[in-house]
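Q: Take a look at the structure below. How do its labels follow from the computed values?

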Amino acid sequence: MWIDTHCHWDAPELDADRDALREQARAVGVGHCVIPAVERGNWQTVRELAQRFGDSYALGIHPLYTGRAHEDDIAALDALLHECHDDPRLVAVGEIGLDFFVPGLDAERQTWFYEQQLGLARRHGLPVLLHVRKSSDQLLKALRARPAIGGIAHAFNGSAQQAAHFVDQGFALGFGGALTYDRALHLRRLAQDLPADSIVMETDAPDIPPHWLYTTAEQRAQGAAQGRNTPAELPRIAAELAQLRRVDLDGWRRQTTANACRVLPRLGALLDGR
């Protein structure tokens, strides 16, 4: 089976037919999804969706939401991680990290929440799902000072050297729809050259649509609909990556599934029925 290591099933874009979309993904071989939280207000929702779909979840505060987060959300997260400790579907702390691409965000505030959550991950023995956007060096600096227990650098698009540093810290790198664009030369080269055991597959649904779902602003102005990204797109995305690497698709499925289970140990235990 394929594992989508990053899917926002709670996103409002999926409200109308969420259950049908989950079954559609299952029908094309996406047997498991990891559902990251983004703020205190959706922690319970991702837990409930993971239970309903037989998936797994992560709890955390996304850097884009730190502007409306409160410092006592860290204590609340600590308490909830303790409460959920015996829930086998809790597999990570996330989505956490830093975003230095979106203008207007408070870098110091983002960093405080990121470092606090790294500490919680360490305390509760959980890996992390990292949001990495124009922030690889700063994320790595904090990881060296407060080592996490590995995890996934989601939607990775840094340098080969930065990728190697994340791998050395026990991380796999998440690849999804962005690599399907012919002009994404750096990302495609990175996906070709990285060690096979350092990559996991993801969609970031409903975000980061693959090229076959994308419509330009001009096309949308003329009435064309933007395609909606869902986990059902994962096998086709993975097929493009396998073709880039010139490897067998079934073998690539087994490899990336094993990678996900290695960097998210509780996911491996859950799928093994332990």
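A: Start with one cut-off: a residue is buried when its relative accessible area is under 20%. The model is a predicted one.

Q: Which residues of strand β3 point which way, and are they buried or exposed?
A: Strand β3 covers residues 56-59. S56 and A58 point one way, Y57 and L59 the other. All are buried. In a regular strand, side chains alternate between the two faces of the sheet.

Q: What makes β2 and β3 a strand pair?
A: A pair needs at least two bridges between the strands. Three bridges join β2 (residues 30-36) to β3, so the two strands pair. They run parallel. V34 has S56 of β3 as its bridge partner.

Q: What joins β3 to β4, and in which direction do they run?
A: Three bridges link β3 to strand β4 (residues 90-99). Against the requirement of at least two, β3 and β4 therefore count as paired. These strands run parallel. L59 stands opposite V93 in β4.

Q: Why is the unit made by β2, helix α2 and β3 called right-handed?
A: Helix α2 spans residues 43-53 and makes a β-α-β unit with β2 and β3. The test is to view the strands pointing away and follow the path from the first strand over the helix to the second: clockwise means right-handed. This unit is right-handed.

Q: Why are C7 and C84 called buried?
A: C7 has 0% relative accessibility, so it counts as buried. C84 has 1%, so it counts as buried too. The limit is under 20%.

Q: What is the volume of the largest pocket, and how many residues line it?
A: Its volume is about 950 Å³. The lining has 37 residues, of which H131, R133, H154, D204 and I208 lie nearest the centre.

Q: Which strand gives the most to the lining of the largest pocket?
A: β5, with three residues. β5 (128-133) and β7 (171-175) each supply at least two.

Q: What is the make-up of that lining by class?
A: The lining of the largest pocket has 15 nonpolar, 13 polar and nine charged residues.

Conventions
Residues are numbered from 1 along each chain as its sequence is written. This is a predicted model: local features need pLDDT of at least 70, side-chain atom pairs count only at pLDDT 80 or more; totals for chains, interfaces and linings use all residues. Side-chain values use heavy atoms; hydrogens and water are left out. Buried means under 20% relative accessible area, exposed over 50%, partly exposed in between (1.4 Å probe, protein chains only). Helices (H or I, at least four residues) and strands (E, at least two) are DSSP runs, numbered from the N terminus. On a 1 Å grid over the protein atoms alone, a cavity is a set of points where a 1.4 Å probe fits but cannot get out, and a pocket is an open set with protein on both sides within 12 Å along at least five of seven lines; lining residues have an atom within 4 Å of a point. Grid points are joined across faces, edges and corners, and a volume is the space filled by probe spheres set on the points. Ala, Val, Leu, Ile, Met, Phe, Trp, Tyr, Cys and Pro count as nonpolar, Asp, Glu, Lys and Arg as charged, and the others, Gly among them, as polar.
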